[in-house]
Amino acid sequence: MDHAENPLPANDLAATMPPPDDSGGWRWQLKHAVRTPDEFIRRLPQGISMPDAWRDAASRFPMLATPYYMSLIREWAETDPIFRQIAPHPAEIDPDWNGDPDALDEERQSPVPRLIHRYPNRAVLLVTDACAVRCRHCLRKRRWHFGEATISKHELDAATQYLRHTPDINEVLVSGGDPLTLETPQLQHLLTTLKSVPNVRVLRIGTRIPAVLPQRITNELCDMLQRFDGLWCATHFNHPHELTPEAVAACRRMLAAGVPMVNQTVLLRGVNDSVDTLRELCLRLLESGVKPYYLFHGDPIDGTRHFRTGLRPALDIARELARTLSGLAMPQLALDLPGGQGKVVLNPATTTEPTPEIPIQFVGLDGYPVLYPDQ
Ligand SMILES: *Cc1c(COP(=O)(O)O)cnc(C)c1O
């Protein structure tokens, strides 16, 4: 490991950053994002090394993190919640742990490229494959090898036409990748095009940007978003360490632009599978004007299974959380059924505890019982 090339003390990354303003702070972050194991290793403090299998995992699932997000690492080890969400892990390529690359059958439920239509009234449009940070628990790891392509004109035309011909769809989730990695005019064009479909009444941007690149929430972006009625933002904070003053300020700018904010947390083993951590996260979100919406049990996606807690710990955590959080602060514990059978909300007060003999059973969108792969 050669430290001479990069004399930057690892925990001092924040000092190297330009001020967050409209003049390119967020582009600076993306330009200087860490994209290879070597770049990451160069940032590690002296004396810390990574196992070889770590490199193998990174060659299968490439890494990506903004300097800002990396500056939130407090301890350069798997025990740090930020580190664990961005550092490749040998378990990602362990053949005994492999899962389904597309456990939710999103590809099968895509009537046209980049559009996922599972529920009668709402659809997801994957407007870009680019992200500011590649989360190791990503549900769309299967698409990482596509690189950073943005929806083409042809794909957008096809998606818009499908939406027009499916009048039951009244809400479109604008997702990816991360839609807020797009340039503001590009995003404006996309939102305008989607909103021009008469039956599309609500748009919901799904983004991790407030947590991983808050500099992107510029006044220019907010001025643009402000023009849209029925626009919501579903963001993705997993740990209180992510709710920095910059991140909270970014949420407040979105709210000030009239964009209501909800949060989706993924329950992640070794990151946030603790009642105290989640309670603090939910309270801080609520303080910041962001409603905790979902707490997801991890999907059995290939390369992410080491993050799954299992249903019983998830229910125990949710039961305990619900005892000490208000209804506003409490997210719904939910999971996505395999085979594209949709989300199920778990109510710990009314859900039976699974036993070795009788697992919890769920009824999917088709009305049939669906067995859930609980580990
Ligand atoms: C989660 C999801 C939605 C949105 O579901 P809500 O319960 O409305 O948040 C829509 N489509 C797909 C494919 C989803 O996975």
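Predicted model: local features only at pLDDT ≥ 70, side-chain atom pairs only at ≥ 80, totals over all residues.
Reader: How are H11 and H12 oriented to each other: roughly parallel or oblique?
Author: H11 spans residues 275–287, and H12 spans residues 311–324. Their axes are 10 Å apart and meet at an angle of about 45°. Angles under 35 degrees count as roughly parallel, and 65 to 115 as roughly perpendicular. H11 and H12 are therefore oblique.

Reader: Which residues of H12 meet H11, and how does the contact divide by class?
Author: The H11 side supplies Val-275, Leu-278 and Arg-279. Facing them in H12 are Ile-317, Glu-320, Leu-321 and Thr-324. By class, the residues of this contact are 4 nonpolar, 1 polar and 2 charged.

Reader: Is the crossing of H11 and H12 left-handed or right-handed?
Author: The two helices pack at an angle of about 45°. Their crossing is right-handed.

Reader: How are H6 and H7 oriented to each other: roughly parallel or oblique?
Author: H6 covers residues 153–164, and H7 covers 184–195. Their axes lie 10 Å apart, at an angle of about 25°. The cut-off for roughly parallel is under 35 degrees. H6 and H7 are therefore roughly parallel.

Reader: How many charged residues are in the contact of H6 with H7?
Author: Leu-156, Thr-160 and Leu-163 in H6 meet His-189, Leu-190, Thr-193 and Leu-194 in H7. The contact has 4 nonpolar and 3 polar residues. The count of charged residues is none.

Reader: What is the distance from a ligand oxygen atom to an N or O atom in the side chain of Tyr-294?
Author: Residues around the ligand include Ile-116, Arg-118, Tyr-119, Arg-122, Tyr-293, Tyr-294 and Lys-343. For the side chain of Tyr-293, the distance from a ligand oxygen to an N or O atom is 2.8 Å. For the side chain of Lys-343, the corresponding value is 3.0 Å. For the side chain of Tyr-294, it is 2.6 Å.

Reader: Which residue does a cis peptide bond join to Gly-176?
Author: Omega at this bond is about 20°.

Key
Residues numbered from 1 in each chain as written. Heavy atoms only, no water. Axes fitted to C-alpha atoms, helices over the stretch in contact; angles between N-to-C directions. Helix = DSSP H or I, 4+ residues; strand = E, 2+ residues; numbered from the N terminus. Parallel < 35°, antiparallel > 145°, perpendicular 65-115°, else oblique. Left-handed = near helix turned anticlockwise from the far one by under 90°. Contact = heavy atoms within 4.5 Å. Nonpolar A, V, L, I, M, F, W, Y, C, P; charged D, E, K, R; others polar. Near = heavy atom within 4 Å. Polar contact = N/O pair within 3.5 Å; in protein donor to acceptor, adjacent residues only side chain to side chain.
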